Amino acid sequence: METFSQSFATAFAMLVTHDPRLFRIVGLSVAVSLASTAASALIGLPLGAAVAVARFRGRSVLVVAMNAAMGLPPVVAGLVVYLVLSRSGPLGPLGLLFTPPAMVIAQTLLIAPIIAALTRQVIEDAWSEYRDQLESLGSSLAQSTMTLLWDTRYALATVLLSGFGRASAEVGSIIIVGGNIDGVTRVMTTAIALETSKGDLALALGLGVVLLTLVTAVNVGVHALREWARVRHG
Amino acid sequence: MKRLLQGVLAALVMMPGSAALAQSQYIIVASTTSTEQSGLFGHILPAFEKDTGIAVRVVAVGTGQALDIGRRGDADVVFVHDRAAEQKFIAEGAGVRRYPVMYNDFVLIGPSPDPAHVSGGRDIAAAFRAIASAQAPFVSRADRSGTHAAELRLWKDAGIDIAAVKGPWYRETGSGMGPALNTASGLNAYILSDRGTWLNFHNRGELRIVVEGDRRLFNQYGVMLVNPDRHPNVKKDLGQRFIDWVVSPRGQQAIADYRIGGEQLFFPNAGSDS
Amino acid sequence: MGDVERFAGVPIALAGVSVERRGMCVLDGVDLVIPGGRRTVILGANGAGKTTLLKVLHGLVAPTHGKVSWGEFDAAPGRQAMVFQRPVLLRRSALANVLHALALAGIRGTEARVRAHEALQSVGLAAIGHRSARVLSGGEQQRLALARALALAPELVLLDEPTSSLDPAAARSVEAFVSGIHARGTTVVMTTHRLGEARRLADGIVMLAEGRVTEHTPAARFFETPVSEEGRLFLEGERS
């Protein structure tokens, strides 16, 4: 119990004293998670929507693959990106290994399937409701897809949020491709892993409290947005 | 909140530029958890950066993995502690030349109840034999790290074929020094640790040093430049400047100056034949 | 709305149209000519195939067998609109819903805004055009769906039970809408369960039972002496 009270005290102290190292780590965490969520949205939203609306050969295989990819272990994603970005790998000349962009790539590999699969679910439900109406209005498949994406925007905001949550809580892949370099690729989760391995459990848990606070704040924000949308748009 | 936003913005702005930053003055050093987590790098690297303007990015993993990172050309310099593995690294052409830098020692950590009755001894081989015959819980790194290599050497010195006699008492965790110490703390088990990590480790529980001072517990660190002929991306000039600095009187003094609670952790011995 | 008059009077002809879904025969060999410029009401029990027939007329469902022709065309012409029993409105303002339909028909800019405003005005929603469509009352939503159809200046309007979920006052406004577009020469085909409504609006009655057309007679005659047994039973069911 002592560790718990100590870690809350540590978390509080770090926050009120504006520990610059903490703020840099939190800033990088948020930036990396935001960037990978944005990249995953660019891939996952159109992909999920296209699979929901279009009928083509191999579609069911793609659906199964997307759902399976949601369960990709972070360490495996990290290892794949590591081997690709390594100097001895195909993209080695880019020199991205052990930099934040490498972390964004690894997290995108993890999160894009989640966003694609959840988007497919949301859009497919909406499509069965909207289909006759949109086709009646002469909407092409591409136009319908855009309409569906916009009309389900609040549900999709929650989808993106779960992507962001997974990204910011993830450690397995980014510690491999980022290297947990102090001041360069150290984020909340890898800092927690480091303090844990140093046996400083109170500090590790304190960082965990800060991370949880951050994720909670984002959740509250999106919840408020949905409530506002429900009242305004039904 | 404003500070946090500034941090996020700064990080976002920095990110696309990271590839461009690759041209600026920094090197990547693949090293072991013991140098990073003992706080040594935190102590000496600012001095190096101040002297040369070269930033050092440390990727801290086990010795085996650090050497692999070097083999793949993903680091410029490798700074590890397993002499046999380092010599192999040079022999296969992955590294240019090995420089001895410093040493410290391993210590045998064990629980206060001391079920194998080894506390206070100076003979590490005898202690290992006592642990094995008592089948007292023992945590092994089992991760091809320098410490793991040293542990295996010590079992051999004790005349024990650990692969043959190991049982449920011998826990192979496959993890870094810190996590392994956490495991040992939870199990009240014996464990071999480097002194630096132990001194900087907080979650000790009932663990303490039970055997130290045997010359077989000697732990030599070496530093090597990754072979630029094999990996043209290696920053050989910057990397060599780091190596030159570490073995220079100034670097050696910085290493000697690092203390935790008044205790010196690493003993510089550049130029020796270790 | 001179365009409508030019196109008005084009008949829709169904020849041997069958629609099968999951092995079930929803429409079974339907031969039917819907006269242009008239109001045709389709009657029939639930599951008789009324909605599917509307979708076939709309070109939304392709027949499994048989042929549909719109005047001289084999494909459904663009100038038609269908109002579904439960219209789907987008999560945006009432006005934006109408503009969305117009944009899909290739009408944008000032003309679209003028048309949308006129359409909303004609169903009495002009004052609340800025409100989100999804928070309007059931009657308002139905009227918005009518406005959306109207804005397209269609030559054919298909209405699927447009009054089924409305109170009498709202139902009367739908009837007024139908009379209004009919007066402009638009062809109207609608389904309903309300015989009074059919009596007031219909020029012709199509009686549908289990996917077959059992009769297609002028409304006045249908309500006097229905030809088919199904039609007779249907009217008796209403009276009893």
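Predicted model: local features only at pLDDT ≥ 70, side-chain atom pairs only at ≥ 80, totals over all residues.
Residues are numbered from 1 along each chain as its sequence is written, chains are lettered from A and ligands numbered from 1 in the order in which they are written, and side-chain values use heavy atoms, with hydrogens and water left out.

**View 1. The interface of chain B with chain A.** Chain B brings 30 residues into contact with 37 residues of chain A, contact meaning heavy atoms within 4.5 Å. Between them the two chains bury about 2,700 Å², of which 64% lies on carbon and sulfur atoms; buried area is the accessible area (1.4 Å probe) that two parts lose on being put together, summed over both.

View 2. Arg186(A) pairs in a salt bridge with Glu36(B), with the closest N and O atoms 3.0 Å apart. Residue pairs in polar contact, both at pLDDT 80 or more, number 10 between chain B and chain A; a polar contact is a pair of N or O atoms within 3.5 Å, where within protein one must be able to donate a hydrogen and the other to accept it, and residues adjacent in sequence count only if both atoms are side-chain atoms.

**View 3. The interface of chain C with chain A.** Here 19 residues of chain C are in contact with 18 residues of chain A, and the two chains bury about 1,800 Å² between them, 51% of it on carbon and sulfur atoms. Val88(C), Arg91(C) and Leu104(C) supply 36% of the area that chain C buries against chain A, more than any other three residues.

**View 4. Polar and charged pairs between chains C and A.** Asp132(A) and Lys55(C) meet through their side chains in a salt bridge, at 2.6 Å from N to O. Across the interface of chain C and chain A, 9 residue pairs are found in polar contact, both residues being at pLDDT 80 or more.

Notes
Salt bridge = Lys/Arg side-chain N within 4 Å of Asp/Glu carboxyl O.
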